[in-house]
Amino acid sequence: MLRVGSKAACMACRNLISTNLGVRYPVPLQKLHSLSRVIHHRYAGNTNPHRTAARYYTSMSRLPMRTPKPPPGSGGHGYQQQRNFWVARLAARLLRLRYILLGSAVGGGYTAKKTYDEWKDMLPDLSEYNWVIPDFVWELSEQIDLDKLAKALPEIEEIAKLLPDFDKIGENFTFLKSLLSSGVSLGSEVKGASGLHLLLETSGDSSLKATDSSLSATQDGSEKQYKKSSDKERVDQLQEELLRTQLKYQRMLERLEKENKELRKVVLQKDDKGIHQRKVKKSLIDLYSEVLDILSDYDSNYNTQDHLPRVVVVGDQSAGKTSVLEMIAQARIFPRGSGEMMTRSPVKVTLSEGPHHVAMFKDSGREFDLTKEEDLAALRHEIELRMRKSVKEGQTVSSETISLSVKGPGIQRMVLVDLPGVISTVTAGMASDTKETIFSISRAYMQNPNAIILCIQDGSVDAERSIVTDLVSQMDPHGKRTIFVLTKVDLAEKNLASPSRIQQIVEGKLFPMKALGYFAVVTGRGSSSESIDSIKDYEEEFFQNSRLLRDGMLKAHQVTTKNLSLAVSDCFWKMVRESVEQQADVFKASRFNLETEWKNNYPRLRELDRNELFEKAKNEILDEVISLSQVTPQHWESMLQKKLWERVSTHVIENIYLPAAQTMDSGTFNTTVDIKLKQWTDKQLPHKALEVAWETLQEEFARFMAEYKGKDQDDIFDKLKEAVKDESIKRHKWNERAMDSLRVIQHNALEDRSITDKPQWDAAIQFMEETLQSRLKDTESVIRDMVGPDWKQRWLNWKNRTPEQHVRNETKNELERLLKLHDDHTAYLANDEVTTVRKNLEGRGVEVDPVLIKDTWHQLYRRHFLQNALSHCNLCKRGFYYYQRHFVDSELECNDVVLFWRIQRMLVITANTLRQQLTNTEVRRLEKNVKEVLDDFGEDMERKTHLITGRRVQLAEDLKKVREIQEKLEAFIEALHKEK
């Protein structure tokens, strides 16, 4: 017990002094704290000090209480003492407040430190993993001012405004829980609203656990509120809430997609411009599209079928196939017509993402900007032209595929094939087999077990009129790869008396056809001038206000072309991943079979396909053309001179020499010769000379192509070389300006009569003698054929004359007697002479026609003339001396030798001129023509296929394509695995 002085302290003083102080000595009252002293003396005479002291002790945190009145019988002593020490009491209370605050701070600090130490002990030691963080992070943390960063962060109140209304969400959860417990199935509706579906799936996360208290607090009130309404009102209210939520999230999604599209566009543009030039990597869908392009042209003898996935778009004519495809491609790219058939051939569209919205054909480098209306119009026109070009004469549709690629920001990656619309009746202007052709094309694409069938049904017409649904049911009876699309739902809702019929269609209950999914879309108001954006807005507005969606006939995930595009793309890539490796194995086996056949049949030959063989043949032909420039000038001139004389010799002898030789004097002879030569030069000679030159060039070209063949010559090129030679010669046209200059040269050469020396004279005589002997030999041969075998041949060879030959022989004998009598007879018989010969023959019993007499005389006189000319030629060999004296005082006239010298000189000069034109101009022009022909043949695949044929060529073609397909498939599979 604590003692103060000699008295025991009161209970109040004992409570103020802690027993832990260990006070063992007496403390006088004067040394106590002033506040303690006041309390001690005040309660010294109190009968119950604890209650009063406790009341005043616990009221120190409030304002000072009003001083209580003294109890009766106290005499007022205590009250007076309290009034005198009010300042001391106030100070004591303030000091007691300081102690309490100080104690609370110390206690709180100790508790916080203890809690921090406990948490710190629970945390793992991460110092061992500091090496994982790069050094630049530590350097960055030293350079960043964290205080400034903390000040830049938003306040807690601003962040709280961005959080969702958890009270409202709690009410939704409570109501959904009550509905689900009452048996109402709302799974699909909630699933359609992507925001609520996400919240339902993550309702067990920690982010929602913080709201458990608020949810439980509002749960009772929400249940009481909704129980008052009927189930129908609850469903209506929930559907409206779902629609509002879906539209809200849809707008948010569209805004985010738009921002993402712009960002991706900027990134892709920067990547295209890139600081470092790097190899452009093709996208995954472009690699896959290349494989499909190769397969579309592949014709294998091993019947390797193309089972790679693609989306096949089929539907009745004017059902909206093209419009759906345009909505997916986000551009009006196809030609349009009012009710008539516009899709006349399959169109393969490869959709991929890119920085710009452009389109491009497989075989063209032009890009069409789909954001510009003029480019869109040009693209539609080009597609229409290609369709019409692919259709053969007499047909309406074609199976030839038009390959088109479309790129743009936000476009789903896939490959679609738009097929001609299925028709029920062949109308005027169509081929009779149009319906069967369309069915066969559709079956060919749909029978691929990995093809995804996008079946388009017009919702504005009666479902019973559809043809395509039966066709799709035949090709995919279980609906494992079919997606059904109902178009023109706006017209269907407006026209149908029973909207539940639409619900039956999209639930797959109206048709026997089965499908993976059912979608309802709106592709505009039917105007071809509508833009894609306006169609999207109209579609969104329609479904927002449509009672089909509001009444639950359509689910939220079954509407809009955007949801359709996402679903088709997911299904396409799923099918690709499941089947592409199997198809790669098929082509690997086909490649092994082809390589084995080549090794067994052509072990020493390289595998050259048709294009490579054409290039090899092209080089050989060009080498042969270049060989023409190596022909010597002497060879050209000798050939030209020989061929030209063979062409004009008959005219010179018959029309110039013979008529001139009939004259009586040399002056008349020279005059006749000059006139005849001038006429010949002006009209015929230049043309004949150019014809000879052109024929000589052709013969030399053909000779070189034939001589080029050796042991390494491939017979597979013969057909191609012959076609190239014929086409080149056909296209080659001689320079017409050369004819005028050649005419002047020939005219000048023929006017010259001056033989300068004896060798020229002797050469002219030799030329004349050879010519006359050749003509005499030909004439005697003709006469022998006319009269038949002579007596020696008849006896030795047992040959007899024919009656005509007998008449000819008798006529010949009679005319020979006439020539012997008149050695200088003219070239023509007079009429009385003809009559005399005929009567003489009739006297011997030979009937003869006057025409036959004249014909026989012509040949006999020619022989007679040539024989005399040869005799004269021998006499003129010694006549050069007389020629120099102009034959003065001489009976010898050798003007015919001068004629033949003029002809010979003209031939030499003409041959030299033609040779210069050939080597300087025509050979080069022919080489140019050959190159042009080869280039044209190289671009004409059909002609190359016709000219280069055989099993060897086809086998090499198949090997090349199978290898290319396999390599591209492997590259695609590798890229596909990397993307995973």
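In which loop does Q330 lie? Q330 sits in the loop between α16 (321-329) and β4 (347-352). Keep in mind that you are looking at a predicted model. We start with the whole chain and then visit a few places inside it.

**The chain as a whole**
- The protein chain has 980 residues, and 42% of them count as buried.
- You can find 39 helices and 11 strands in this chain.
- Take the contacts between residues at least 6 apart in sequence: 78% of these join residues at least 24 apart.

**Two nonpolar cores**
- The largest nonpolar core holds 101 residues, and Y657, W680, W761, I903 and V930 are the ones that touch the most other members.
- Helix α37 (residues 895-939) is the top contributor to this core, giving 17 residues.
- To see one of these residues in its surroundings, click on I903: leaving aside neighbours within four places in sequence, I903 is in contact with W645, V652, L677, W680, L750 and F767.
- There is also a second, separate core, made of 59 residues, with A331, I483, C571 and V580 among them.

- Helix α25 (residues 610-626) and helix α29 (residues 718-731) have axes that come within 11 Å and cross at roughly 50°.
- The crossing of α25 and α29 is right-handed.
- On the α25 side, the contact is made by F614, A617, E620, I621 and E624, while α29 brings L720, K721 and V724.
- Sorted by class, this contact between α25 and α29 has 5 nonpolar residues, 3 charged residues and no polar ones.

**Two residues with positive phi**
- Here is some background: most residues other than glycine have a negative phi.
- Q330, from the opening question, is not a glycine, yet its phi is positive, at about 65°.
- K488 is another residue other than glycine with a positive phi, near 55°.
- Look for K488 in the loop between β10 (482-487) and α20 (489-495).
- Is K488 buried, partly exposed or exposed? Its relative accessible area is 22%, and because buried means under 20% and exposed means over 50%, K488 is partly exposed.

- S442 belongs to helix α18 (residues 434-446).
- With a relative accessible area of 1%, S442 is buried.
- Which residues does S442 touch, not counting those up to four places away in sequence? They are L419, V422 and L471.
- S442 and P420 are 22 residues apart in sequence, and their C-alpha atoms are 8.1 Å apart in space.
- N809 has its place in helix α33 (residues 803-821).
- N809 counts as buried too, at 8% relative accessibility.
- Setting aside neighbours within four places in sequence, N809 is in contact with V787 and R801.

Technical notes
Residues numbered from 1 in each chain as written. Predicted model: local features only at pLDDT ≥ 70, side-chain atom pairs only at ≥ 80, totals over all residues. Heavy atoms only, no water. Core = buried A, V, L, I, M, F, W, Y, C linked by side-chain atoms within 4.5 Å. Buried < 20%, exposed > 50% of the residue type's maximum accessible area, 1.4 Å probe, protein only. Helix = DSSP H or I, 4+ residues; strand = E, 2+ residues; numbered from the N terminus. Contact = heavy atoms within 4.5 Å. Axes fitted to C-alpha atoms, helices over the stretch in contact; angles between N-to-C directions. Left-handed = near helix turned anticlockwise from the far one by under 90°. Nonpolar A, V, L, I, M, F, W, Y, C, P; charged D, E, K, R; others polar.
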